[in-house]
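Please look over this model before reading on. My notes on one helix pair follow.

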Amino acid sequence: MAFVASAVTSGPGPLRRAGRALVSAAQRSGGAVRRRIRRSTHAHGAGESGLAKLIELHAVNSAGDMLITIALASTVFFSVPTGEARGRVALYLLVTMAPFALLAPVIGPLLDRMTHGRRAAMAMAMLARAVLAWTMASVVTTAGLGLYPAALGVLVASKAYGVVRSAVVPRLLPGRTTLVKANSRVTLAGLLATAIAAPIGAGLHMIGPQWPLYGAFVVFAGGALLSMSLPHKVDSAKGEAKARFAELRAADRGGAGDGVEPPGAGLPGDGRESGRKPGLLGVGSSVLHALQANSGLRALSGFLTMFLAFLLREHPLEGLTPAFSLGMVAVAAGGGNALGTALGSWLKSRGPEIIIAMALVAAVTAATVAALMYGTVTLAAVAAVAGISQALGKLSLDALIQRDVPEEVRTSAFARSETALQLSWVVGGGLGIVLPLIGSLGMAVAAGLVLVGFVLSVRGLMGAARRGTARARVA
């Protein structure tokens with residue numbers, strides 16, 4: 001009895017003390033990481049304006065999307081032979097992306113009317129994906145037909161979130177922070193969250209193919225709560241009007257002779273009685289040309305994603321396994337995207353039109369070289385350049401919308417442009433799935449996609465850059 005009493009009063013044993021020390025160290029480390037993340041997201045006035053919450057929300061969104069991507073890829077693509085996988089992905093595209101191609105033009109105008117419910121719309125997009133992720137978990141192991149309608153719902157909800165997010169950013173800009181910088185920070189947070197979620201999703205998949213979807217359910221449920229914590233000004237429609245992508249007659253462009261209508265022309269309160277709804281081309285043709293260029297770059301992204309996924313599985317790069325070949329290209333593309341996002345701030349003093357034109361030239365050149373000299377180095381290069389070009393092109397498009405589109409229609413413009421870009425990705429992805437698996441042919445088609453955007457847009461972009469603008473420089 002004396003021995004027992006002595007053991008009880010002598011305090012915790014060495015194992016318990018070690019466990020407590022380990023838990024305490026983990027808590028301190030986790031707290032330090034959380035404080036560091038909070039300082040990063042709240043820097044430069046983002047905490048006061050509410051942009052920090054949107055940055056965190058987008059990180060959650062990207063992590064959830066990555067978990068769903070891992071679950072679907074492992075079932076639809078990696079779990080079966082190449083021939084069957086191509087048929088499954090073709091069915092996936094047919095059942096999901098074909099309806100989305102019809103729905104995409106409707107998403108922007110529909111969400112554009114939700115000027116008083118943006119937080120609710122983002123929360124609904126999160127909740128919808130949470131429910132659908134849980135639903136897919138029950139059928140993902142067999143890849144049954146029930147998987148495809150749920151995947152379509154996830155795709156539509158994800159794109160709806162992207163449209164609303166683009167419309168929300170202008171409402172949360174801190175003082176002296178421009179849209180290009182704000183979007184750069186939001187995008188970088190999403191890329192970092194994706195990089196963190198990828199190995200976590202792979203680990204969950206080792207437990208079972210349905211576990212990444214359970215993880216996505218938890219992530220999106222948290223995202224729904226975080227959506228409602230955004231500032232109330234996100235739901236404000238004060239000073240906004242609708243924007244349309246409609247060609248204005250030359251006679252209606254103010255007679256300036258350069259295709260640019262004076263800012264605010266045709267808007268309520270501008271002194272004109274035309275009654276015409278504001279059009280994006282009426283406030284700067286550069287916006288349309290930039291959108292055409294970005295559509296080519298986004299189609300390139302969709303094409304490379306689908307085409308290279310099958311090509312490298314069937315014909316891996318010389319001396320490499322299929323998995324390593326796919327991983328190398330994915331790392332190159334992701335690294336290029338991150339680098340392009342970071343370069344967006346460094347190139348802030350350059351004209352957005354010039355940056356977009358340079359991105360198009362770089363993408364066309366890289367794809368052409370890869371078509372002529374197909375190999376490991378050129379394929380990695382075209383993936384990296386595509387990532388850089390897409391990031392720079394999108395940031396520059398955002399800058400042009402900020403510069404050339406009045407505040408009264410800017411939110412609407414972002415909703416419409418994001419929908420158009422998502423539809424371009426669908427077109428490129430569909431082309432990638434039907435093309436024969438010939439590397440040089442695929443790279444030639446990739447070059448052609450960007451070349452179309454180049455031909456449609458570069459003359460207008462360079463003309464606008466030569467004319468210059470009296471507006472304040474986008475920095």
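1. Start with the contact between two helices. In α6, Arg-119, Met-122, Ala-123, Met-126, Leu-127, Arg-129, Ala-130, Ala-133, Trp-134, Met-136 and Ala-137 touch Leu-213, Tyr-214, Ala-216, Phe-217, Phe-220, Ala-221, Gly-223, Ala-224 and Ser-227 of α9. Contact means heavy atoms within 4.5 Å. By class, this contact has 16 nonpolar, two polar and two charged residues. Ala, Val, Leu, Ile, Met, Phe, Trp, Tyr, Cys and Pro count as nonpolar, Asp, Glu, Lys and Arg as charged, and the others, Gly among them, as polar.

2. The model is predicted: local features need pLDDT of at least 70, side-chain atom pairs count only at pLDDT 80 or more, and totals for chains, interfaces and linings use all residues. Residues are numbered from 1 along each chain as its sequence is written, and side-chain values use heavy atoms, with hydrogens and water left out.

3. Now the geometry. The axes of α6 and α9 (lines fitted to C-alpha atoms over the stretch in contact) are 8 Å apart, at an angle of about 165° on a scale from 0 to 180 degrees between N-to-C directions. That makes α6 roughly antiparallel to α9 (over 145 degrees).

4. Burial means under 20% relative accessible area (1.4 Å probe, protein chains only). Buried residues of α6 include Arg-118, Arg-119 and Met-122. In α9, Leu-213, Phe-220 and Gly-223 are among the buried residues.

5. The C-alpha atoms of Ala-342 and Leu-188 are separated by 7.9 Å, though 154 residues apart along the chain.

Definitions and conventions:
Buried means under 20% relative accessible area, exposed over 50%, partly exposed in between (1.4 Å probe, protein chains only). Helices (H or I, at least four residues) and strands (E, at least two) are DSSP runs, numbered from the N terminus. Angles under 35 degrees count as roughly parallel, over 145 as roughly antiparallel, 65 to 115 as roughly perpendicular and the rest as oblique.
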